[in-house]
Each structure stands twice: as C-alpha cells, then as structure tokens.
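Morning, everyone. Have the sequence and the model open.

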Amino acid sequence: MHAFDVLGDPVRRRILELLATGERASGEISAVISEEFGISQPAVSQHLKVLRDNGFAAVRAEGTRRLYAVDAAPLREVDDWLERFRGFWEQRLDALGTELARGRRERRRQEQQEEEDRND
C-alpha cells in the first residue's frame, strides 16, 4: 500500500496524531477513535494493523497491553516526496511573514507616535 493510501484515511491520520504525542496503549487508542468516529474496537484494530503493516506504527507488548508508537521512517519518505512542492507555498509563506512584520512595525510606530502626542 502506498503511503498516501495509508494516510488518506481520516481514522489512520487521527491515530497517528494520537501517537505523535507519545506511545499509547491500544485500548486507549480504541476508546478515543471509537468515540470520535463511532467505529468498533475491531475496526480500530484493523486500522492499527494497516499502520503497523505499512511501517507507520510500531507495537510492543507490555504484559497484556499492546503499546503503539509512531515509526517516523515512512513519514520521512512522504516529507521527501513533498519537498519538490514546497516552493509553491514557501514563497507565499515568506511573503506573508514579511507583510506581518511590516504590519507590526507600523503598529509600533503608530503607538509610539500616539504616546509622543499624549506627552506633548
């Protein structure tokens, strides 16, 4: 399965978001996903299996619990693929940053002028 096929599912993306904050037990993941998406525990387990089988998540046993964590390798591959497209938005984000800085400078200048006017 291609990385974007794995990431194309909102349930799997949400699971990865949960795992991005740290290792989580399968029961905890199931509880959150079941509540948010209204799907059963076996359905959540299938999504975890897809993530695991495609290298996006690692699992380890701790007693009877299964603890899941993000495996970043496939995400780095996605990031590498996206690299060729970054130029489309980075220039615009840079321009936005310049405009925001210009606006902040102008507000500071206006505030300083108002302060000077009040003191005169």
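A salt bridge here is a side-chain nitrogen of Lys or Arg within 4 Å of a carboxyl oxygen of Asp or Glu. This is a predicted model, where local features need pLDDT of at least 70, side-chain atom pairs count only at pLDDT 80 or more, and totals for chains, interfaces and linings use all residues. Numbering runs from 1 along each chain as its sequence is written, and side-chain values use heavy atoms, without hydrogens or water.

By that rule we get 10 salt bridges. Take Arg60 and Glu23. Their closest N and O atoms are 2.9 Å apart. Arg60 sits in strand β2 (residues 57-62) and Glu23 in the loop between α2 and β1, so the pair ties together parts 37 residues apart in sequence. Helices (H or I, at least four residues) and strands (E, at least two) are DSSP runs, numbered from the N terminus.

How exposed are they? Buried means under 20% relative accessible area, exposed over 50%, partly exposed in between (1.4 Å probe, protein chains only). Arg60 is partly exposed at 38%. Glu23 is partly exposed at 41%.

Next, helix α6. Glu99 and Arg102 form a salt bridge, with closest N and O atoms 2.4 Å apart. They are 3 residues apart in α6, about one helical turn. Back to Glu23 and Arg60: shared partners join them with Glu62 and Arg65 into one network.

Now α2. Arg14 and Glu17 meet in a salt bridge at 3.5 Å, N to O. Both lie in helix α2 (residues 10-20), 3 residues apart. Arg14 is partly exposed at 24%, and Glu17 is partly exposed at 47%.
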